[in-house]
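Take a first look at the chain below. The paragraphs after it walk through its parts in turn.

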Amino acid sequence: MKRLNFTLDDETIALLYRIAEQYYHGNKSLAVRAAVESLAAHLGHEGWVVAGFVPVEVDNDAECHICHRHFEPGETLYRPVFRKGRAPQALPHLPREQWLECSDCAQGLAHE
Ligand SMILES: [Zn+2]
């Protein structure tokens, strides 16, 4: 255990007191811990998340990883670039399979 010192505005303090009073027998430390745990769960788990895409001109028949649409040689698909991060859809391991996405699917993911 360690004592932390941080600054909150009046509104947040009032909210913390109210939550601590209502749910944690007035124990503000327990209320803060529950809030942080809840936030962590909401933010998702640690893993690999898509940071962006690199355009790739395919030289074989290819398929979008997400919607499975078929693409001819010479068309442009998008290869994801992964980084470590936290997200509900974070992958536990880097994918081993070929992963290309069409522009529609890549734009959907990139905006999450
Ligand atoms: Zn697609």
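**A walk through the chain**

His68 is exposed, with 9 other C-beta atoms within 10 Å. Here a residue is buried if 20 or more other C-beta atoms lie within 10 Å of its own, exposed if 12 or fewer, and partly exposed in between, with C-beta atoms placed from the backbone. His68 sits in the loop between strand 2 (62–63) and strand 3 (70–71). Helices (H or I, at least four residues) and strands (E, at least two) are DSSP runs, numbered from the N terminus. His68 is not a glycine, yet its phi is positive, about 60°. Most residues other than glycine have a negative phi.

A word on the model and its numbering. This is a predicted model: local features need pLDDT of at least 70, side-chain atom pairs count only at pLDDT 80 or more, and totals for chains, interfaces and linings use all residues. Residues are numbered from 1 along each chain as its sequence is written.

Now step back to the whole chain. It holds 3 helices and 4 strands. Along the sequence they follow the pattern α-α-β-β-β-β-α. The radius of gyration, taken over C-alpha atoms, is 22 Å, well over the 13 Å that the globule rule gives for 112 residues, so the chain is more spread out than a compact globule. That rule is 2.2 Å times the number of residues to the power 0.38. Along the principal axes, the C-alpha atoms fill a box of roughly 65 × 25 × 20 Å. Of the 112 residues, 10% are buried.

The chain is divided into domain 1 (10–43) and domain 2 (45–110). These bounds come from an automatic or database domain assignment. The C-alpha centres of the two domains lie 39 Å apart.

Start with helix 1 (10–23). How many of its 14 residues are buried? The number is 0, so helix 1 lies largely in the open. Its expected span is 1.5 Å times one less than its number of residues. For helix 1 that gives 20 Å, and its end C-alpha atoms are 20 Å apart, which agrees. After helix 1 comes His25, with a positive phi near 50°. His25 is exposed, with 9 other C-beta atoms within 10 Å.

Where is the largest nonpolar core? Leu77, Tyr78, Leu100, Cys102, Cys105 and Ala106 make it up, 6 residues in all. Strand 4 (76–87) and helix 3 (103–110) each supply at least two of its residues. A nonpolar core is a set of buried Ala, Val, Leu, Ile, Met, Phe, Trp, Tyr and Cys residues joined through C-beta atoms within 7 Å. Tyr78 also has contacts beyond its neighbours within four places in sequence, among them Phe53, Val54, Pro55 and Val56. Two residues are in contact if their C-beta atoms, placed from the backbone, lie within 7 Å. Among contacts in the chain between residues at least 6 apart in sequence, 57% join residues at least 24 apart.

Asp104 lies in helix 3 and has 12 C-beta neighbours inside 10 Å, so it counts as exposed. Asp104 and Ile66 are 38 residues apart along the chain, with their C-alpha atoms separated by 9.8 Å. Pro88 is in the loop between strand 4 and helix 3. Pro88 is exposed too, with 12 C-beta neighbours inside 10 Å. From Pro88 to Arg69, 19 residues apart in sequence, the C-alpha distance is 25 Å.
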